[in-house]
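This report covers selected local features and the nonpolar cores of the model shown below.

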Amino acid sequence: MNKTDIIKVGIIGCGGIANGKHMPSISKVPNVEMVAFCDIIVEKAEKAAKEYGTEDAKVYSDYKELLKDETIDVVHVCTPNRSHSFITVDALEAGKHVMCEKPMAINSVEAKKMLDAAKRTGKKLTIGYQTRQRAEFQYLKMEAENDVFGDIYYAEPIAIRRRAVPTWGVFLNEYEQGGGPLIDIGTHALDLTLWLMDNYKPKYCVGTTYHKLNNDTHTGNVWGDWDPEKFTVEDSAFGFVVMENGATIILRSSWALNYADPDEATTTLCGTKAGADTKDGLRINSVNNGRQTITKVDLSAGGVAFYEGTSNSAPVNEQLQWYNAIRNDTDPCVLPEQAYVVTRILEGIYESAKTGDIYRF
(Lines give C-alpha, C1' and ligand atoms only; values in the text may rest on other atoms or scores of the structure.)
Protein backbone atom coordinates (compact mmCIF):
# COMPACT_ATOMS: atom_id res chain seq x y z
CA MET A 1 0.00 0.00 0.00
CA ASN A 2 1.37 3.44 -0.97
CA LYS A 3 1.52 6.35 1.44
CA THR A 4 -1.00 8.25 -0.69
CA ASP A 5 -3.54 5.43 -0.89
CA ILE A 6 -6.73 6.21 1.03
CA ILE A 7 -7.46 3.75 3.85
CA LYS A 8 -11.20 3.43 4.41
CA VAL A 9 -12.45 2.91 7.95
CA GLY A 10 -15.67 1.73 9.55
CA ILE A 11 -16.55 2.59 13.17
CA ILE A 12 -18.65 0.07 15.11
CA GLY A 13 -19.96 1.66 18.29
CA CYS A 14 -20.33 5.45 18.28
CA GLY A 15 -20.46 6.11 22.02
CA GLY A 16 -18.07 7.66 24.52
CA ILE A 17 -14.76 6.03 23.60
CA ALA A 18 -15.33 6.46 19.87
CA ASN A 19 -16.11 10.16 20.31
CA GLY A 20 -13.55 10.76 23.02
CA LYS A 21 -10.58 8.95 21.48
CA HIS A 22 -10.90 7.01 18.23
CA MET A 23 -12.68 9.32 15.80
CA PRO A 24 -10.94 12.60 16.74
CA SER A 25 -7.56 10.84 16.55
CA ILE A 26 -8.25 9.04 13.27
CA SER A 27 -9.27 12.39 11.75
CA LYS A 28 -5.69 13.62 12.27
CA VAL A 29 -4.09 10.76 10.31
CA PRO A 30 -3.30 11.62 6.66
CA ASN A 31 -5.03 9.65 3.88
CA VAL A 32 -7.43 7.86 6.20
CA GLU A 33 -11.18 8.33 5.78
CA MET A 34 -14.08 7.24 7.98
CA VAL A 35 -16.69 6.02 5.51
CA ALA A 36 -19.11 3.98 7.65
CA PHE A 37 -20.58 4.26 11.14
CA CYS A 38 -22.65 1.78 13.11
CA ASP A 39 -24.47 1.95 16.43
CA ILE A 40 -27.53 0.16 17.81
CA ILE A 41 -28.79 3.69 18.56
CA VAL A 42 -28.72 4.85 14.96
CA GLU A 43 -28.87 8.54 15.90
CA LYS A 44 -25.40 8.19 17.41
CA ALA A 45 -24.08 6.79 14.14
CA GLU A 46 -25.76 9.59 12.18
CA LYS A 47 -24.21 12.23 14.42
CA ALA A 48 -20.75 10.64 14.08
CA ALA A 49 -21.09 10.45 10.30
CA LYS A 50 -21.90 14.16 10.09
CA GLU A 51 -19.00 15.12 12.33
CA TYR A 52 -16.26 12.77 11.13
CA GLY A 53 -17.42 11.01 7.99
CA THR A 54 -16.93 11.58 4.29
CA GLU A 55 -19.78 13.25 2.38
CA ASP A 56 -21.12 9.87 1.28
CA ALA A 57 -20.50 8.09 4.61
CA LYS A 58 -22.96 5.29 5.32
CA VAL A 59 -24.82 4.70 8.56
CA TYR A 60 -25.87 1.33 10.00
CA SER A 61 -27.61 -0.09 13.06
CA ASP A 62 -26.40 -3.66 12.31
CA TYR A 63 -22.64 -4.12 12.22
CA LYS A 64 -22.94 -7.17 9.96
CA GLU A 65 -24.33 -4.93 7.21
CA LEU A 66 -21.32 -2.62 7.56
CA LEU A 67 -18.95 -5.58 7.23
CA LYS A 68 -20.46 -6.47 3.84
CA ASP A 69 -18.90 -3.33 2.35
CA GLU A 70 -15.79 -4.66 0.60
CA THR A 71 -14.30 -1.18 0.21
CA ILE A 72 -13.73 -0.88 3.97
CA ASP A 73 -10.13 -1.74 4.91
CA VAL A 74 -10.16 -1.25 8.68
CA VAL A 75 -12.76 -1.54 11.44
CA HIS A 76 -12.60 0.02 14.90
CA VAL A 77 -14.61 -1.88 17.53
CA CYS A 78 -15.72 0.62 20.18
CA THR A 79 -18.59 -1.28 21.80
CA PRO A 80 -19.10 -2.54 25.38
CA ASN A 81 -16.63 -5.22 26.45
CA ARG A 82 -19.01 -8.18 26.09
CA SER A 83 -19.30 -7.71 22.32
CA HIS A 84 -15.60 -7.11 21.56
CA SER A 85 -14.90 -10.73 20.71
CA PHE A 86 -17.65 -11.70 18.31
CA ILE A 87 -17.64 -8.38 16.44
CA THR A 88 -13.85 -8.51 16.06
CA VAL A 89 -13.93 -12.13 14.84
CA ASP A 90 -16.66 -11.29 12.31
CA ALA A 91 -14.71 -8.26 11.08
CA LEU A 92 -11.49 -10.25 10.65
CA GLU A 93 -13.40 -12.97 8.80
CA ALA A 94 -14.83 -10.26 6.55
CA GLY A 95 -11.29 -9.30 5.53
CA LYS A 96 -10.85 -6.19 7.67
CA HIS A 97 -7.93 -5.17 9.86
CA VAL A 98 -9.25 -4.46 13.36
CA MET A 99 -8.42 -2.11 16.19
CA CYS A 100 -10.51 -3.18 19.19
CA GLU A 101 -10.82 -0.92 22.20
CA LYS A 102 -9.39 -2.30 25.44
CA PRO A 103 -9.79 -4.69 27.16
CA MET A 104 -9.39 -7.36 24.50
CA ALA A 105 -12.40 -9.32 25.78
CA ILE A 106 -14.32 -10.16 28.96
CA ASN A 107 -12.37 -13.41 29.45
CA SER A 108 -9.51 -15.42 27.99
CA VAL A 109 -11.75 -17.82 26.04
CA GLU A 110 -13.24 -14.92 24.08
CA ALA A 111 -9.82 -13.28 23.67
CA LYS A 112 -8.40 -16.53 22.28
CA LYS A 113 -11.13 -16.56 19.60
CA MET A 114 -9.93 -13.13 18.49
CA LEU A 115 -6.30 -14.18 18.47
CA ASP A 116 -7.07 -17.33 16.49
CA ALA A 117 -9.17 -15.39 13.96
CA ALA A 118 -6.31 -12.94 13.35
CA LYS A 119 -3.89 -15.82 12.72
CA ARG A 120 -6.40 -17.65 10.52
CA THR A 121 -7.25 -14.65 8.33
CA GLY A 122 -3.82 -13.02 8.21
CA LYS A 123 -5.40 -9.67 9.07
CA LYS A 124 -3.89 -7.30 11.61
CA LEU A 125 -5.45 -7.04 15.06
CA THR A 126 -4.48 -4.57 17.78
CA ILE A 127 -6.00 -3.47 21.09
CA GLY A 128 -6.45 0.14 22.23
CA TYR A 129 -3.76 0.45 24.90
CA GLN A 130 -2.79 4.03 24.07
CA THR A 131 -0.94 4.55 27.39
CA ARG A 132 2.10 2.95 25.76
CA GLN A 133 2.26 5.97 23.47
CA ARG A 134 2.81 8.52 26.23
CA ALA A 135 6.24 10.14 25.89
CA GLU A 136 7.49 8.98 29.29
CA PHE A 137 6.69 5.35 28.55
CA GLN A 138 8.14 5.43 25.05
CA TYR A 139 11.31 6.74 26.72
CA LEU A 140 11.25 4.00 29.37
CA LYS A 141 10.75 1.35 26.69
CA MET A 142 13.91 2.53 24.93
CA GLU A 143 15.81 2.49 28.23
CA ALA A 144 14.56 -1.03 28.98
CA GLU A 145 15.64 -2.21 25.53
CA ASN A 146 19.06 -0.64 26.19
CA ASP A 147 19.29 -2.71 29.41
CA VAL A 148 19.38 0.36 31.65
CA PHE A 149 17.27 -1.44 34.27
CA GLY A 150 18.85 -4.87 34.04
CA ASP A 151 16.55 -7.68 35.18
CA ILE A 152 13.22 -6.05 36.15
CA TYR A 153 12.00 -8.29 38.96
CA TYR A 154 9.48 -6.04 40.75
CA ALA A 155 6.80 -3.70 39.41
CA GLU A 156 3.76 -1.81 40.69
CA PRO A 157 1.17 -1.01 38.03
CA ILE A 158 -1.28 1.49 39.49
CA ALA A 159 -4.67 2.79 38.36
CA ILE A 160 -6.25 4.45 41.37
CA ARG A 161 -8.90 7.16 41.36
CA ARG A 162 -10.09 8.76 44.57
CA ARG A 163 -13.79 9.32 43.85
CA ALA A 164 -14.10 9.14 40.07
CA VAL A 165 -16.62 6.43 39.25
CA PRO A 166 -17.87 6.66 35.63
CA THR A 167 -21.64 6.99 35.95
CA TRP A 168 -22.51 7.02 32.24
CA GLY A 169 -22.85 4.25 29.66
CA VAL A 170 -22.53 0.67 30.92
CA PHE A 171 -19.40 1.03 33.07
CA LEU A 172 -21.25 -0.11 36.21
CA ASN A 173 -22.91 -3.07 34.47
CA GLU A 174 -21.03 -6.29 35.21
CA TYR A 175 -22.81 -8.27 32.48
CA GLU A 176 -21.82 -5.85 29.72
CA GLN A 177 -18.34 -4.97 31.00
CA GLY A 178 -17.13 -8.10 32.78
CA GLY A 179 -15.87 -6.08 35.73
CA GLY A 180 -15.13 -2.62 37.09
CA PRO A 181 -11.91 -0.65 37.59
CA LEU A 182 -9.66 -3.70 37.17
CA ILE A 183 -10.84 -4.41 33.63
CA ASP A 184 -11.38 -0.71 32.84
CA ILE A 185 -8.27 1.16 34.01
CA GLY A 186 -6.21 -1.52 35.75
CA THR A 187 -5.88 -3.16 32.35
CA HIS A 188 -3.94 -0.12 31.04
CA ALA A 189 -1.48 -0.18 33.93
CA LEU A 190 -0.95 -3.93 33.64
CA ASP A 191 -0.47 -3.83 29.87
CA LEU A 192 2.05 -1.02 30.24
CA THR A 193 4.00 -2.91 32.90
CA LEU A 194 4.21 -6.22 31.01
CA TRP A 195 5.31 -4.34 27.88
CA LEU A 196 8.08 -2.45 29.68
CA MET A 197 9.24 -5.65 31.43
CA ASP A 198 8.88 -7.62 28.17
CA ASN A 199 7.51 -10.43 30.32
CA TYR A 200 4.38 -12.32 29.26
CA LYS A 201 4.69 -15.55 31.24
CA PRO A 202 2.58 -15.45 34.44
CA LYS A 203 2.85 -18.38 36.87
CA TYR A 204 0.20 -17.66 39.52
CA CYS A 205 -1.70 -14.83 41.15
CA VAL A 206 -3.76 -13.92 44.18
CA GLY A 207 -6.54 -11.35 43.85
CA THR A 208 -8.99 -9.41 45.99
CA THR A 209 -11.99 -7.37 44.89
CA TYR A 210 -14.18 -5.05 46.97
CA HIS A 211 -17.72 -3.70 46.87
CA LYS A 212 -17.20 -1.45 49.89
CA LEU A 213 -18.49 1.84 48.52
CA ASN A 214 -21.14 0.73 46.02
CA ASN A 215 -24.04 1.54 48.36
CA ASP A 216 -22.81 5.01 49.37
CA THR A 217 -25.13 7.91 48.57
CA HIS A 218 -23.47 11.28 49.29
CA THR A 219 -20.41 10.09 47.44
CA GLY A 220 -18.36 13.17 46.55
CA ASN A 221 -17.93 11.57 43.13
CA VAL A 222 -16.49 13.95 40.52
CA TRP A 223 -19.12 12.86 37.96
CA GLY A 224 -22.04 12.99 40.37
CA ASP A 225 -23.45 10.38 42.72
CA TRP A 226 -23.71 6.86 41.35
CA ASP A 227 -26.86 4.76 41.54
CA PRO A 228 -26.18 1.98 44.10
CA GLU A 229 -28.67 -0.33 42.35
CA LYS A 230 -26.76 -0.08 39.07
CA PHE A 231 -23.26 -0.31 40.60
CA THR A 232 -22.85 -4.09 40.21
CA VAL A 233 -19.08 -4.22 39.58
CA GLU A 234 -16.27 -3.95 42.12
CA ASP A 235 -15.17 -0.51 43.31
CA SER A 236 -11.57 -1.72 43.86
CA ALA A 237 -9.43 -4.71 42.90
CA PHE A 238 -5.88 -5.72 43.73
CA GLY A 239 -3.63 -8.46 42.40
CA PHE A 240 -0.35 -10.09 43.42
CA VAL A 241 1.15 -11.74 40.34
CA VAL A 242 4.24 -13.95 40.18
CA MET A 243 5.81 -14.56 36.79
CA GLU A 244 7.55 -17.76 35.65
CA ASN A 245 10.96 -16.11 36.05
CA GLY A 246 10.14 -15.14 39.65
CA ALA A 247 9.33 -11.47 38.98
CA THR A 248 6.61 -9.96 41.18
CA ILE A 249 3.89 -7.56 40.02
CA ILE A 250 1.52 -5.87 42.49
CA LEU A 251 -1.44 -4.35 40.65
CA ARG A 252 -3.70 -1.78 42.31
CA SER A 253 -6.89 -0.50 40.71
CA SER A 254 -9.85 1.48 41.99
CA TRP A 255 -12.48 3.96 40.88
CA ALA A 256 -13.24 5.13 44.41
CA LEU A 257 -10.56 4.59 47.00
CA ASN A 258 -10.09 6.93 49.97
CA TYR A 259 -6.56 7.56 48.74
CA ALA A 260 -5.10 11.05 48.95
CA ASP A 261 -2.72 10.83 45.98
CA PRO A 262 -4.51 9.02 43.14
CA ASP A 263 -2.49 8.00 40.12
CA GLU A 264 -3.92 6.42 37.00
CA ALA A 265 -2.38 4.23 34.32
CA THR A 266 1.26 4.32 35.36
CA THR A 267 3.83 1.96 36.82
CA THR A 268 6.91 1.68 39.00
CA LEU A 269 9.75 -0.56 37.83
CA CYS A 270 12.63 -2.00 39.87
CA GLY A 271 15.51 -3.82 38.20
CA THR A 272 18.95 -5.04 39.14
CA LYS A 273 20.62 -1.95 37.63
CA ALA A 274 18.04 0.82 38.05
CA GLY A 275 14.41 1.64 38.72
CA ALA A 276 11.87 4.14 37.42
CA ASP A 277 8.63 5.85 38.40
CA THR A 278 6.46 8.83 37.48
CA LYS A 279 5.79 10.12 40.99
CA ASP A 280 7.46 13.49 40.30
CA GLY A 281 7.80 13.58 36.57
CA LEU A 282 9.76 10.73 35.04
CA ARG A 283 12.48 9.61 37.46
CA ILE A 284 15.17 6.97 37.00
CA ASN A 285 17.03 5.92 40.14
CA SER A 286 20.34 4.10 40.17
CA VAL A 287 23.76 3.95 41.81
CA ASN A 288 26.66 5.75 40.12
CA ASN A 289 30.21 5.83 41.48
CA GLY A 290 28.97 4.32 44.72
CA ARG A 291 26.33 7.03 45.19
CA GLN A 292 22.55 6.86 44.95
CA THR A 293 21.26 9.06 42.14
CA ILE A 294 17.89 10.11 40.77
CA THR A 295 17.71 11.41 37.21
CA LYS A 296 14.69 13.47 36.16
CA VAL A 297 14.03 13.24 32.44
CA ASP A 298 13.00 16.41 30.60
CA LEU A 299 10.33 15.32 28.12
CA SER A 300 9.43 18.83 26.98
CA ALA A 301 12.11 19.05 24.30
CA GLY A 302 10.77 16.31 22.06
CA GLY A 303 13.21 13.53 21.27
CA VAL A 304 13.30 10.57 18.93
CA ALA A 305 10.41 10.35 16.47
CA PHE A 306 9.10 6.91 17.36
CA TYR A 307 7.39 6.63 13.98
CA GLU A 308 6.48 8.90 11.09
CA GLY A 309 4.38 11.90 12.08
CA THR A 310 4.76 11.58 15.86
CA SER A 311 2.35 13.78 17.82
CA ASN A 312 2.32 15.05 21.41
CA SER A 313 -0.97 13.20 21.93
CA ALA A 314 -0.93 9.54 22.95
CA PRO A 315 -4.32 8.79 21.30
CA VAL A 316 -3.17 10.37 18.03
CA ASN A 317 0.14 8.49 18.21
CA GLU A 318 -1.84 5.31 18.73
CA GLN A 319 -3.58 5.84 15.40
CA LEU A 320 -0.44 7.02 13.57
CA GLN A 321 1.49 3.86 14.50
CA TRP A 322 -1.54 1.65 13.71
CA TYR A 323 -2.02 3.06 10.22
CA ASN A 324 1.74 3.06 9.59
CA ALA A 325 1.69 -0.67 10.43
CA ILE A 326 -1.10 -1.25 7.93
CA ARG A 327 0.60 0.76 5.17
CA ASN A 328 4.01 -0.81 5.71
CA ASP A 329 2.75 -4.31 6.58
CA THR A 330 4.58 -4.27 9.91
CA ASP A 331 3.49 -5.21 13.43
CA PRO A 332 1.43 -2.68 15.38
CA CYS A 333 2.76 -1.59 18.78
CA VAL A 334 0.18 -3.66 20.69
CA LEU A 335 0.22 -7.29 19.56
CA PRO A 336 -2.89 -9.41 20.17
CA GLU A 337 -0.71 -12.08 21.81
CA GLN A 338 0.32 -9.51 24.42
CA ALA A 339 -3.24 -8.30 25.04
CA TYR A 340 -4.33 -11.92 25.42
CA VAL A 341 -1.92 -12.37 28.36
CA VAL A 342 -3.25 -9.17 29.96
CA THR A 343 -6.76 -10.63 29.75
CA ARG A 344 -5.58 -13.93 31.25
CA ILE A 345 -4.06 -12.15 34.25
CA LEU A 346 -7.14 -9.98 34.84
CA GLU A 347 -9.26 -13.13 34.68
CA GLY A 348 -6.91 -14.84 37.14
CA ILE A 349 -7.22 -11.96 39.64
CA TYR A 350 -11.01 -12.02 39.42
CA GLU A 351 -11.10 -15.81 39.77
CA SER A 352 -8.77 -15.77 42.77
CA ALA A 353 -10.92 -13.12 44.43
CA LYS A 354 -13.99 -15.26 43.82
CA THR A 355 -12.53 -18.50 45.15
CA GLY A 356 -10.30 -17.05 47.85
CA ASP A 357 -7.48 -19.21 46.55
CA ILE A 358 -4.36 -18.99 44.39
CA TYR A 359 -5.01 -18.96 40.64
CA ARG A 360 -2.41 -20.87 38.62
CA PHE A 361 -1.93 -20.20 34.93
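At 6% relative accessibility, Ala274 is classed as buried, a term that stands for under 20% relative accessible area, with exposed meaning over 50% and partly exposed in between (1.4 Å probe, protein chains only). The model is a predicted one: local features need pLDDT of at least 70, side-chain atom pairs count only at pLDDT 80 or more, and totals for chains, interfaces and linings use all residues. Residues are numbered from 1 along each chain as its sequence is written, and side-chain values use heavy atoms, with hydrogens and water left out.

**Ala274 and its surroundings**

Ala274 lies in strand 12 (residues 274–277); helices (H or I, at least four residues) and strands (E, at least two) are DSSP runs, numbered from the N terminus. Neighbours within four places in sequence aside, Ala274 is in contact with Val148, Phe149, Ile284, Asn285 and Ser286, where contact means heavy atoms within 4.5 Å. Between Ala274 and Asp147 the C-alpha to C-alpha distance is 9.4 Å, and the two are 127 residues apart in sequence.

**Positive phi at non-glycine residues**

Asp147 is not a glycine, yet it has a positive phi; Asn289 likewise has a positive phi without being a glycine.

**Nonpolar cores**

In soluble globular proteins, nonpolar side chains tend to be buried together. A nonpolar core is here a set of buried Ala, Val, Leu, Ile, Met, Phe, Trp, Tyr and Cys residues joined through side-chain atoms within 4.5 Å. The largest such core has 74 residues, of which Leu66, Met104, Ile127 and Leu194 touch the most other members. Helix 8 (residues 181–197) gives the most to this core, with 10 residues. A second, separate core has 24 residues, including Met23, Ala45, Ala48 and Ala49.

Lys102 and Pro103 are joined by a cis peptide bond, with omega about -15°. Pro103 sits in the loop between strand 5 (97–101) and helix 5 (108–121).
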